Amino acid sequence: MSLPKGLAEEVSKNLVMVARLIDEDPEGAYGYSRVALRLASRVAAVREAAGFAAYASQKYSEALAEFRAARRMTGNVDLWPVMADCERGLGRPEKALEMAGAPEVHKLDKAGQVEMRLVAAGARRDMDQLDAAIVTLQSPELASNSVQPWTARLRYAYADALLAAGREDEAREWFAKAIESDKDGSTNASDRLAELDGVEFVDAFDEDENEDEGDGEGEDPSEGVEPVVIESGATVGTVEVAESVADDDSDDDVPGDDEGSQR
């Protein structure tokens, strides 16, 4: 459907805020998504953005309802993996596994198929099937030496599953491989590897504050006693918004889709 220019601009502003806040302030993004939803519930891009905002806020039932609505409007299967992960969030890993074996998975692109594999492995772990989770992640994409957008997360998930299964040496190896491919810091593989190696990180700023607080402790100015500063040891501190929603077509739906059922 087509929105009037003024309404389309207002909806777009809210979607921009959803995209801007969703990582740092999911609840704030969720609030903007609800405004956009009230203004244009029959626009697929709005339903999808509302779904991701709800998902980021761990409102899995709501997210699933919005994703289902967006999928009906567009016929697109790209949301299939995140819909399956919502099922996990709702405590239904069996349903997520059922979706992982559905025909829709074959229609996904490579990134979508890898994402589905990650969700399926997570569902296996939810069911305490650690060995099955490890096997699920073993794939040509995992074995490949080429670095793709999903490589770091796939290697990290594999390392984490190995560690959960008590295979520490293998986990260390795969956390290291995840670090090699994690150019944008999408995982905390370096921290996990450091933990395995017994490295403890100390916040240098906190250390400095503690030193400053301790500098004058016990000092009696009337006696003119100079505070004693003890030097410490070395420390280690260390939705994409569419250009326009005005031409987004829809043939369905209203807010509050009842098909949806928090991690």
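Reply: The charged end of Lys59 is placed over the ring of Tyr30, 4.5 Å from the ring centre. A charge sits over a ring if NZ of Lys or CZ of Arg is within 6 Å of the ring centre and within 35 degrees of the ring normal. Lys177 lies over the face of Trp174 as well, at 4.1 Å from the centre of that ring.

The model is predicted: local features need pLDDT of at least 70, side-chain atom pairs count only at pLDDT 80 or more, and totals for chains, interfaces and linings use all residues. Residues are numbered from 1 along each chain as its sequence is written, and side-chain values use heavy atoms, with hydrogens and water left out.

Rings can also pair with each other. Rings of Phe, Tyr and Trp (its six-membered ring) pair if their centres lie within 6.5 Å; planes under 30 degrees apart are stacked, over 60 edge-to-face, and the rest tilted. The count by this rule is four aromatic pairs. In one of them, the ring centres of Tyr55 and Tyr60 are 5.8 Å apart and the planes stand at 75°, so this pair is edge-to-face. Tyr60 is buried, at 4% relative accessible area, while Tyr55, at 24%, is partly exposed. Here buried means under 20% relative accessible area, exposed over 50%, and partly exposed in between (1.4 Å probe, protein chains only).

Tyr158 and Trp174 form an edge-to-face pair too, because their centres are 5.1 Å apart and their planes at 90°. This pair links distant parts of the chain, with Tyr158 in helix H10 and Trp174 in helix H11, 16 residues apart. Helices (H or I, at least four residues) and strands (E, at least two) are DSSP runs, numbered from the N terminus. Tyr158 is buried at 6%, and Trp174 is buried at 13%.

Which residues of H11 are buried? They are Ala171, Trp174, Phe175, Ala178 and Ser181. These residues cover an arc of only 120° around the axis, which means that they are on the same side of H11; the arc is that of the directions from the helix axis to the C-beta atoms. An α-helix has 3.6 residues a turn, so residues three or four places apart point the same way. Asp169 and Glu180, on the other side of H11, are exposed.

What do the buried residues of H11 pack against? Their partners are helix H9 (140-143), helix H10 (151-164) and helix H12 (189-196), where contact means heavy atoms within 4.5 Å.
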